[in-house]
Amino acid sequence: MIQSKVDSRFLGTIQDTFHGLPPMPGPVKNFFMFLAAGFLLLLIGYWLKKYGAKNFILDLLKKTPFGVHVENSDGEGRSVETIGNVSRSGEPWKVSSDRDILDKLVMSRMQVDVLVERSGQRSLAAVANAASVENLDVVVTFKDLVSDELLVPGTQVKCIFPEMLRDSKKVNAFVGLIKSKSDTKGMVITRRSSFGFIKRRVFARRKVADQRYIKIKIWRLEAEDYDVDFILDNIESDVLIDNRKFQTPNPSVPQVLDISKGGIALTATFREGGNVISRNDKVLLCMLIYQPARKTFQPHLIYAESRAGRSMGRGMTRLSFQFLRSLAIPPRKRSTLFKGQAVMAMSLAHPEREK
């Protein structure tokens, strides 16, 4: 009983203290209100940036009990209906028929990679967006025209788009024939197959963990009738990658990023006074790869094509090449393609001797 009275008095004192606080001035109250409103706007902006305003609104509407279908403009004056089973970010669309696949391709102007077979492997010729469908014809507009010369009417192409799920099986491609093409507008591709699945990458890429194990020289070719012996004997390479100290990737040093049976990606600097390599340029690529079992470097000479060239600042350029065919190396050049080739192999075979 005594404890109850003590608690009541104590609580009463606290209550009187709060009642005794002076009212908050108007300017202070307004400041805190603006502060709270600003924080709320920042929070909403963060949500919209992270999840996307469109996806956020669609998700809200899909959760309503009325099963609302939302219409969006596709940028050409028409409206397309967003179907109720629109996939969320990172999840494949579920489809039930060819018509459903085509509707989704056009509805979202889905990206389509157009690939052409050459030299026994696929080559990306264009990145496009699905625009419309007319019977078996799929109309696409160009987003990035990579190799215009490969896209000739009558050429068979493989078209790969983001994965969808049909009867628990993945579909992401179809085979077609180029019906017509306009450099500014796009192409009409006639479907010649049903929808199936094609791996985007034919060859697995491997990163280069130790930069000392691979050496690169690249010459840009001016014409198809090049002379390998003359180039190797008389012309300095436009790109040289010969790291003897940097074992791990270093952003400030030219290096090989990854390599596969079909191509190579690297960062490089061009020789002063040398040729700058751009997309679609043909090159002669000399490559040394260290073979631990043999304790020696294996030389390769390859005719290749530049597939991308992007400036990275500070004089560095990111380049990627597709291998087109191997070339014979003159026997007298096998051991002299790089300076100190034998010494480099010896230092890798016996690292304890390296100083």
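Phe161 and Phe195 are both buried (under 20% relative accessible area, 1.4 Å probe, protein chains only). Together with Phe174 they form one aromatic cluster. The model is predicted: local features need pLDDT of at least 70, side-chain atom pairs count only at pLDDT 80 or more, and totals for chains, interfaces and linings use all residues. Residues are numbered from 1 along each chain as its sequence is written, and side-chain values use heavy atoms, with hydrogens and water left out.

**Aromatic pairs**

- The whole structure has five aromatic pairs (ring centres of Phe, Tyr or Trp, the latter by its six-membered ring, within 6.5 Å; planes under 30 degrees apart are stacked, over 60 edge-to-face, the rest tilted).
- Phe161 and Phe195 pair edge-to-face, at 6.1 Å centre to centre and 75° between the planes.
- Phe161 belongs to strand 7 (residues 156–166), whereas Phe195 is in the loop between strand 9 (186–191) and strand 10 (206–207), 34 residues apart; strands are DSSP runs (E, at least two residues) numbered from the N terminus.
- Phe174 and Phe195 have ring centres 5.8 Å apart and planes at 80°, so this pair is also edge-to-face.
- Phe174 lies in strand 8 (residues 169–182), so its pair with Phe195 ties together parts 21 residues apart in sequence.
- Relative accessible area is 3% for Phe174 and 9% for Phe195.

**Charges over rings**

- The charged end of Lys217 sits over the ring of Phe338, 4.9 Å from its centre (NZ of Lys or CZ of Arg within 6 Å of the ring centre and within 35 degrees of the ring normal).
- Arg325 lies over the face of Tyr303, 4.2 Å from the ring centre.

**Cysteines**

- The structure holds zero disulfides (cysteine sulfur pairs within 2.5 Å).
- Cys159 is buried at 0% relative accessibility, and Cys286 is buried with a relative accessible area of 0%.

Definitions and conventions
Buried means under 20% relative accessible area, exposed over 50%, partly exposed in between (1.4 Å probe, protein chains only). Helices (H or I, at least four residues) and strands (E, at least two) are DSSP runs, numbered from the N terminus.
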